[in-house]
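Here are some notes to read beside the model. They are set out as numbered points, one topic to each.

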Amino acid sequence: MDIWNILEYVAWAASAAFGLIIVADWLRTDSTYSEDVLMSSREGELEAMTEEHKI
Amino acid sequence: MARYEPPTQSKLGQIVDVIVLLVLTIGALYIPLWLGLAGSAQTSNVPENPTWESLGQNAVMVEKWNQLGYADPAAAAELITSRFDYSFSIGSLLMMIVVIVGYYAIMLRFSEKEYREVISEKFNGE
Amino acid sequence: MTDFDITSKERDGMAPHGTKVGLLRVLGPAHVWALGVGIVLVGEYMGWNFAVGKGGAYAALIACWFAGLLYSCVAMIDSEVTSTVAAAGGQYTQAKHIVGPLMAFNVGLYLVFAYTMLEAANAITVGFLIDTVAVMSGHEGLDQRPFIVLAIMFLAWLNYRGVLATLTFSLVITAIAFSAILILFLATSPVFGGDVLQHRALMTDLPYGWLGILAAMHFGLWYYLGIEGTTQAAEEVRSPARALPFGTLAGIMTLLIAATLTWYVCVGLMPWEYLGQSGVPLFDAARMSGSTGLMVLLGIGTLFATLASANGCINDASRAWFAMGRDHYLPSWFGAVHPKYRTPYRSIIFLVPIALIFALGAPLDQVITFSILSGLLEYTFMPINVILFRRKWPLDAIKRGYEHPFHPLPALVLLCLCGIAYFAVFLGYGTQLVAMIAFYIVVSLWFHFWRYRFVRRAAQFTMPWPRPQGY
């Protein structure tokens, strides 16, 4: 078993770790906040307030 | 004008819709592959006992081939003589044009219809 | 319409201050440049050279410049529309406001597929590169899969954690990859490199004649594919009306320079028959220059370019998917924003397994062709888009952050060049083209007759514009 075999296992482990972090945070976020808050993003809200589309 | 109120979609319906899209996508990618229609035709015409001269390579090119790891002409011959086949039939060209133009025509027509609805609901209510 | 009261409760889809958590506006023009160039620069490190194979060295240069013209038109048109429609989703949101919902749905899918496929192709290249290094160090039979998966998972995590860190990362590695090309050019140029470049001896006549030049356009697109992705950042840029045109146009200029330099160095170092099928042409060029330092530099450059590209692709594909979810074009579940990181986190998560399926399961050329075709369909939409934009809202109707010159000339040039590119794809890849369009016809019908019923009609028109002329 040389360095490359070890690297393969390290890469698998790191991938799994990143995956777990993402999924854990996702589940925690979904259970902490209500859907209303999470889905409240509206398109173009800032434009309506700050930009005058008049000449 | 009456405002259109969309129905609320159930969780199950949402999942089904995503699966339908996924199946269609993977189908579009893999069906040409299964039918063996993917990829383009490349043919090599390797002469017998190729030499660098018969392959049309000059001294500098030969040096570069050697540097790239192709020590003798026979090893590089297949690469050098490989050519695409660009012949095509007018029929298949016309079919492609019809498909592309037809696609955009259908899409723009439906879009226009939906767009008029959007604009009239948006601007007539005020 | 222009005198609306923004505190009114009546306004569609825009309850005032209704956004409790939205995307974060933190990016500057340099990030826009990094997003655009970062996605594309990988095309200089691999892929563009297939144009040499399809038509010879000179054909690749002509294709490079014609494709450059095509993308200059794309960048100008995009800059004008985007400096006015500044929202996540980019061309999707433009299509929704200017052409119509079905077109928008199609454009959204073009974006998601072009970027997700490109991301998969990048991950495959990362695996290939690491395998090459392993072989050079004497290890045969490396399992590439863990590295492919790791590249995708790491970048997905980075994207999940926030847009500023993501694009700052892109900015740094893109700058390094671009510098590597410049250094390679300087080191091999007659000034410093002596007579390394052998253009006179290596250049040949066009092997396929003029037809080869047309065919080369197919992969000529690879020099620039993805620059239009800058618009996806619109909702996260501090000053979209200024930063987007600036970043996009600076990006296309960078790419024109990089593409021409890459062509010049590569054709001066390798016979075209080899170059036309090389997997990593710039790395090969560095190898041929005889300098170990250059070889290491360009190896790193290749790795960074692929990572920057995959990174930008995750960013762009998830923004487009998110925007469609927010409008109920797709299940609304995807329209959520992470309350802490302010990213469209559900879209990012959803696209990870899809990228993995394609990176691990599909052949590279198939994935690339899928990506190029989606891009091409999108470029065909742009001239239609801008012509309708100018017709429905003439220059004096709304304020634009940037107005592109010589309208409608760029639009018409772009349309012609798209026609040529379709023909180029048709030469050799006609079946995929038809399969692809059949796919889009089927999903269009699905959307029009089924999915569209869940979409609120007026609410999707969110820009505070006057009524379009003629409606």
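1. C:Phe406 lies in the loop that links α16 and α17 of chain C. This is a predicted model, and the remarks below should be read with that in mind. The phi of C:Phe406 is positive, about 60°, although the residue is not a glycine. Most residues other than glycine have a negative phi. Is C:Phe406 buried or exposed? It is exposed, because 11 other C-beta atoms lie within 10 Å and the cut-off for exposed is 12 or fewer.

2. The loop between α16 (364-392) and α17 (409-449) of chain C also holds C:Pro408. The peptide bond that joins C:His407 and C:Pro408 is cis, with omega about 5°. Most peptide bonds are trans.

3. B:Asn49 is not a glycine, yet its phi is positive, near 45°. Where is B:Asn49 found? It sits in the loop between β1 (42-43) and α2 (59-67) of chain B. B:Asn49 counts as exposed because it has 9 C-beta neighbours inside 10 Å.

4. Next, a pair of helices from two chains. Helix α4 of chain B (residues 90-124) packs with helix α5 of chain C (residues 101-136); the axes are 6 Å apart and the angle is about 120°. The angle is therefore classed as oblique for α4(B) and α5(C).

5. Which residues of α4(B) and α5(C) meet? From α4(B) they are B:Met107, B:Leu108, B:Phe110, B:Ser111, B:Glu114, B:Tyr115 and B:Val118. From α5(C) they are C:Pro101, C:Leu102, C:Met103 and C:Asn106. Sorted by class, this contact has eight nonpolar, two polar and one charged residues.

6. Last, the contact of chain C with chain A. How many residues does each chain give to this contact? Chain C gives 43 residues and chain A gives 30 residues. On the side of chain C that touches chain A, α6 (145-161), α14 (292-326) and α15 (345-361) each supply at least two residues. The largest share of that side, nine residues, comes from α6(C). By class, the side of chain C that touches chain A has 27 nonpolar, eleven polar and five charged residues.

Note on methods: Residues are numbered from 1 along each chain as its sequence is written. Chains are lettered from A and ligands numbered from 1 in the order in which they are written. This is a predicted model: local features need pLDDT of at least 70, side-chain atom pairs count only at pLDDT 80 or more; totals for chains, interfaces and linings use all residues. Two residues are in contact if their C-beta atoms, placed from the backbone, lie within 7 Å. Helices (H or I, at least four residues) and strands (E, at least two) are DSSP runs, numbered from the N terminus. Ala, Val, Leu, Ile, Met, Phe, Trp, Tyr, Cys and Pro count as nonpolar, Asp, Glu, Lys and Arg as charged, and the others, Gly among them, as polar. A residue is buried if 20 or more other C-beta atoms lie within 10 Å of its own, exposed if 12 or fewer, and partly exposed in between; C-beta atoms are placed from the backbone. Axes are lines fitted to C-alpha atoms, for helices over the stretch in contact, and angles run from 0 to 180 degrees between N-to-C directions. Angles under 35 degrees count as roughly parallel, over 145 as roughly antiparallel, 65 to 115 as roughly perpendicular and the rest as oblique.
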